[in-house]
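This report describes a ligand site and a pocket. The sequence and structure are shown first.

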Amino acid sequence: MDTWIEDRPRAQQPTLVGVVGAGYVGLTSAAGLAALGHRVRVIEADPDRLAMLERGELPIVEPGLAELIDELRRAGRLDFTSAMSAVGGASVVLLCVGTPPRSDGDPDLRQLASAARDVASHATADLVVVVKSTVPPGTCDAIELICHGSAREDIAVRVASNPEFLRESRALWDFMHPDRVVVGAAERRVATLIRDLYPAEWPVLLTDRRSAELIKYAANTFLAIKISYANEIAALCEHLGADAGDVLEGTGLDPRVGPQFLKPGPGFGGSCLGKDLSGMIAVANRVGLEAQLPRAAQSVNGWARMRVVEKLEGVIGDLEGKHVAILGLAFKPGTDDIRDSPALDVIAIITERGARVTATDPLAAAVDASIERFDDPYDAVRGADAVAILTACPEFSGLDPHRLRSEMHGTAVIDAVGVIDVDAFEACGLDVAGIDRGTPCAFHPVILSPLRWTLSG
Ligand SMILES: NC(=O)c1ccc[n+]([C@@H]2O[C@H](COP(=O)([O-])OP(=O)(O)OC[C@H]3O[C@@H](n4cnc5c(N)ncnc54)[C@H](O)[C@@H]3O)[C@@H](O)[C@H]2O)c1
């Protein structure tokens, strides 16, 4: 008897599930579904990724995932292969492949189409193909046509949407504790089959396919808008001599607003928000709408990254020949993911302006060889004119300001993510600039307008 499964929630209908793509979504979904009681076969096309998985190594960093996968493999519930024929006996196959943006911002759905074609052509019985990848509305309809063209004539392939909402760095937790499971299907029978993959007590929203696809785009677009809004408010605070941390905290305490994603910083990044925002804009444009809010969020995000560069130039002047140490390369703490990371954009701009860059990050995947990377943050800052903290890693909040000061050549620290104890750093002679604090002063020019309005009222 598998004791490990006893205290976990159980799927309503344990079955054989195929998962195509062993990335963040595929590996997490595969491990989660196997932990719920399914037998799961993962098909991965990248030989290096597959070799790592077969050796028992994880190609991504996600807390708890390596241990769970190891346990499930030993229990015979989960395996990895490159052979699409492995989907032969499955009644459900999840597509978890990448949908990166094309250079024009439209989503590139070629991985998805190719995986769907391959799955359908290997089906040996009626099959439900579930699109877990984030896709524009209408994709499931298109994928169903592709599957019909590829499957044997006696086999019916139905396509449904079941978008994934996990957050990197807490992917497994999110999968096992969903706010909602969204299922979009054209037939009740198909919707029921997908709902029954999950425990009965999980909150499920059943809808049509296009609505399910759009829920994911709409949710990510809203989060992106929220972050850009926080960055605009922070800039306003800086001009007004107000404290953005307090202003945003006070705003987010209203439950209609909520505190999450209401923090200023160098802008959003990662593989999803920017891509899905572009996808949303492309979809809206296609039907003659302007997508004004998504466009504004996109433009504010580019400006938020640029603001870090301007702050650096504000404190150390012309960047030509200056040494800048970047603390944090991943797009957020707790992950190795550097896709669309603000840090990489900032590095590209300041390098172009003549700065020498050294960098450190506790987890980030390999970066361009032109970036001098160090494991130890104190090695990265040695001799630097300025330090910019761009990822809110706990390792950086624990830095000793005395030691930092003694290793640096200059004194400028830009804390774009608000992780350090500003008073302690300033007490050591470091000049700290955040992006959430105005300069408090008794007579700020901002009161001139209210004064005029009061007196002339
Ligand atoms: N990463 C996230 O936080 C997240 C969260 C929710 C949704 N999503 C969405 O889920 C999808 C996957 O994202 P990801 O971050 O897991 O991507 P990823 O790039 O980490 O993984 C995709 C995997 O699919 C494999 N693959 C591609 N084509 C294949 C094929 N034909 N057969 C077998 N394997 C194939 C790739 O080699 C890769 O390992 C995207 O649409 C993304 O937008 C991602």
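The model is predicted. There are 27 residues around the ligand, and V25, E44, T99, E168 and K275 come nearest among them. By class, the shell around the ligand holds 11 nonpolar, eight polar and eight charged residues. Domain 1 (3–207) and domain 2 (219–434) each supply at least three residues to this shell.

| Protein atom | Ligand atom | Distance |
|---|---|---|
| V25, backbone N or O | oxygen | 2.9 Å |
| A45, polar backbone atom | nitrogen | 3.1 Å |
| T134, polar backbone atom | oxygen | 2.9 Å |

On its own the ligand exposes 830 Å², of which the protein buries 89%. Two or more residues of the shell around the ligand are given by each of the elements α1 (24–35) and α4 (110–122).

The second largest pocket contains about 390 Å³ of space. Its lining is made up of 23 residues, with G245, K263, P264, G418 and D436 the closest to the centre of the pocket. The elements α9 (244–252) and β14 (431–434) give two or more residues to this lining. The largest share, five residues, comes from α9. Sorted by class, the lining of the second largest pocket has 13 nonpolar, four polar and six charged residues.

Terms used: Residues are numbered from 1 along each chain as its sequence is written. This is a predicted model: local features need pLDDT of at least 70, side-chain atom pairs count only at pLDDT 80 or more; totals for chains, interfaces and linings use all residues. Side-chain values use heavy atoms; hydrogens and water are left out. A residue is near a molecule or strand if one of its heavy atoms lies within 4 Å of it. A polar contact is a pair of N or O atoms within 3.5 Å; within protein, one must be able to donate a hydrogen and the other to accept it, and residues adjacent in sequence count only if both atoms are side-chain atoms. Accessible areas come from the Shrake-Rupley method with a 1.4 Å probe; for residues, only the protein chains shown count as cover. Helices (H or I, at least four residues) and strands (E, at least two) are DSSP runs, numbered from the N terminus. Ala, Val, Leu, Ile, Met, Phe, Trp, Tyr, Cys and Pro count as nonpolar, Asp, Glu, Lys and Arg as charged, and the others, Gly among them, as polar. Domain bounds come from an automatic or database domain assignment. On a 1 Å grid over the protein atoms alone, a cavity is a set of points where a 1.4 Å probe fits but cannot get out, and a pocket is an open set with protein on both sides within 12 Å along at least five of seven lines; lining residues have an atom within 4 Å of a point. Grid points are joined across faces, edges and corners, and a volume is the space filled by probe spheres set on the points.
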